[in-house]
Amino acid sequence: MPMIEIQHLRKEYRDQSNIKVAVKDLSLELEQGDIFGFIGPNGAGKTTTIKMLATLLIPTAGTALVNGIDVVRYPEQIRSIVGYMPDFFGVYDDIKVWEYLDFFAAAYRITKDKRPQIVDDVLALTDLTVKKDSYVESLSRGMKQRLCLAKTLVHDPKVMLLDEPASGLDPRARIEIRELLKELQAMGKTIIVSSHILPEMEEFCNKIGIIESGEMIVAGDVNTIARQVRGQHTIEIRVVDGVERAEAILLGMTDVIREVKVTNGMRQLEETPTEAARAQILQRNTHGVGGGVLQIGYVGPVDEEYRVLATLVQAGVKVRAFHTPETDLEDVFLRVTKGQVA
Amino acid sequence: MIGNPVLHKELFMRLRLRQVPLPVKIGVALLVFVSLGLLYYFMARAVLDTSGASNARGVWQTCMWLQLIAVLLFAPVVTANCITQEKEQQTWEMLIATRLKPSEVVFGKLVARLAVILLILALFLPITLFGWINSVLVETQIAFSARLTELSLSYAVLLITAVFFATFGLYMSWQVKRTLAAIMLSYTFAIGFLLIGTFLVFIALQFRFTDSTFLVKCPILWVNPAYLMAYGTSPDRAENSTLFVVYGLLVYAVGTLALLWRMILGFFHFSYDDDAAPPVGERLRGMARRAQARTTDNA
């Protein structure tokens, strides 16, 4: 049974006499342990979808099940298994960190005798133990963000809905949040996380969905989507010596390689060689001028990738690394979206 | 109610006033202490220095009026920021996404803020009772039961109107997004409409109420807190005064229950968004549908 199952979800808002559709016919399935990156421009419908799953908004049509439970029929049960972190949130004044967490633990019906241990545990997990007796308004933005995440964890939810958890944070705080999400992933939580910082999403999301104007344009495994969208996927080859020779060989493999990008250190030699340049390189067919990195747009079958490596090795190119780098989500995002809002 | 996390937070955490500077705290405490001291001094002197019954009676009635003014001024405003403050500091969504029942949120906030009003009334209680007991001792020609009635009616007016105005402030706080708007709307309704508006309407219509039973025949006056207090403290002032006050208190009690019902039902539908909130009839049908679905699923 999927942990999250959304079928034809729709949300309309009445805007005076007009009806504004925030989410149109959205369907999605996530298994336990999935980390789903929800990507889309502002106003695309990400927050609305997350709020519907968090039982804060009622869908106009469609169904949403979390762990098999309908979010509209059984909101109370859903709240016990879902942790929600809004995109914009505040903290109460005149309240200490442990009191803040104790209050939310009480609000999630955790008995008084269990609360101190739970508060200690979530503080340790979010690395806020030293701030236990501090007042929440004295915390930095990053710490408040972690405190909010700690609040989201007090009732040990199976599903976490995190709306822009790293927005507005400095790089260090973003890294801290990212590491925390990886820990949660290791704990088996199913997480839906929306963010605009796409490179970071690549690191911990195993699935992504791109939404625009309330419609899910693509959803699924990150690499599969990248391949679907671009019609190719990138392979990065690092060579110790013979970079030009390697380039010449790769450019000759036109049946499986669409483009070759060569970099030598920080210097980019050739991005998209013209036909004349390509012919010139092929004719030279000389040994290279040193080591470098080549990125190729591979369009052949995935299980035949090894042939590219074999060809290079047989030709005497000293290959140091041959791998598929992290997918460039920004590129995927820009290709599939049109910059429209719902 | 004791285990209500919202009530606990409101009472023991948010009233710490940690961010209020110490000199301000001391200044306010001194102001309250001196004001109350002067009030007690002059009231006690008025009661003790004369043997006239009217003074003792005047003292406790004045105290009741002062308390009514305090209720009118403070009750709407102490609750008007209850929910708007949560919305403004962006804690509201996180609160209603928990497993708290709507009634816990509403009553937790209402009771915590009403405690402030009750504290104010408690400060007046000794001097009020002192004046009342003295007037009872001096005015022996009036039956004790009648005096007990006027005290009961007066306090009933105070307490029931306090609960109503506090509930109305909370309702406004739930309805709008800004504290200032909630306070303005609460004051407009409490003072502008109930206190002044109903009086003006009565003035305009008084040619229709020429007989002595005008109080019970003019429902617009039933909700005027000043009239209720005037006839509560002196039931002997006009015919059917007691009935009139009881009618008024019933209206306030029903109004309070209606507001609470509306808020709890609104929360039940877990939708804080005005645009998304369907009409009450639809909500009731939704509740019935969900209850039916649960029954079917359980079966």
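pLDDT is the predictor's confidence in each residue, from 0 to 100. The model shown in these views is predicted.

**View 1. Confidence along chain B of the predicted model**. Chain B has a mean pLDDT of 83, with 84% of its residues at 70 or more. Among the elements of chain B, helix α7 (residues 144-175) has the highest mean pLDDT, 91, whereas the lowest, 65, belongs to helix α13 (residues 280-298). Over residues 269-278 of chain B, pLDDT stays under 50; for this stretch the model has 22 contacts beyond four places in sequence.

**View 2. The contact between chain A and chain B**. For the complex, the predictor gives an ipTM of 0.79 and a pTM of 0.76. Chain A brings 30 residues to the contact and chain B brings 26 residues. On the side of chain A that touches chain B, the elements giving two or more residues are β1 (4-15), α2 (75-81) and α3 (97-107) of chain A. The largest share of that side, five residues, comes from α3(A). Its composition by class is 18 nonpolar, three polar and nine charged residues.

**View 3. The largest nonpolar core**. This core holds 137 residues. The members that touch the most other members are A:L53, A:L101, A:L161, A:I191, B:A162, B:F165 and B:A166. Helix α7(B) gives the most to this core, with 14 residues.

How values were computed
Residues numbered from 1 in each chain as written. Chains lettered and ligands numbered in written order. Predicted model: local features only at pLDDT ≥ 70, side-chain atom pairs only at ≥ 80, totals over all residues. Helix = DSSP H or I, 4+ residues; strand = E, 2+ residues; numbered from the N terminus. Contact = placed C-beta atoms within 7 Å. Nonpolar A, V, L, I, M, F, W, Y, C, P; charged D, E, K, R; others polar. Core = buried A, V, L, I, M, F, W, Y, C linked by C-beta atoms within 7 Å. Buried ≥ 20, exposed ≤ 12 C-beta atoms within 10 Å, placed from the backbone.
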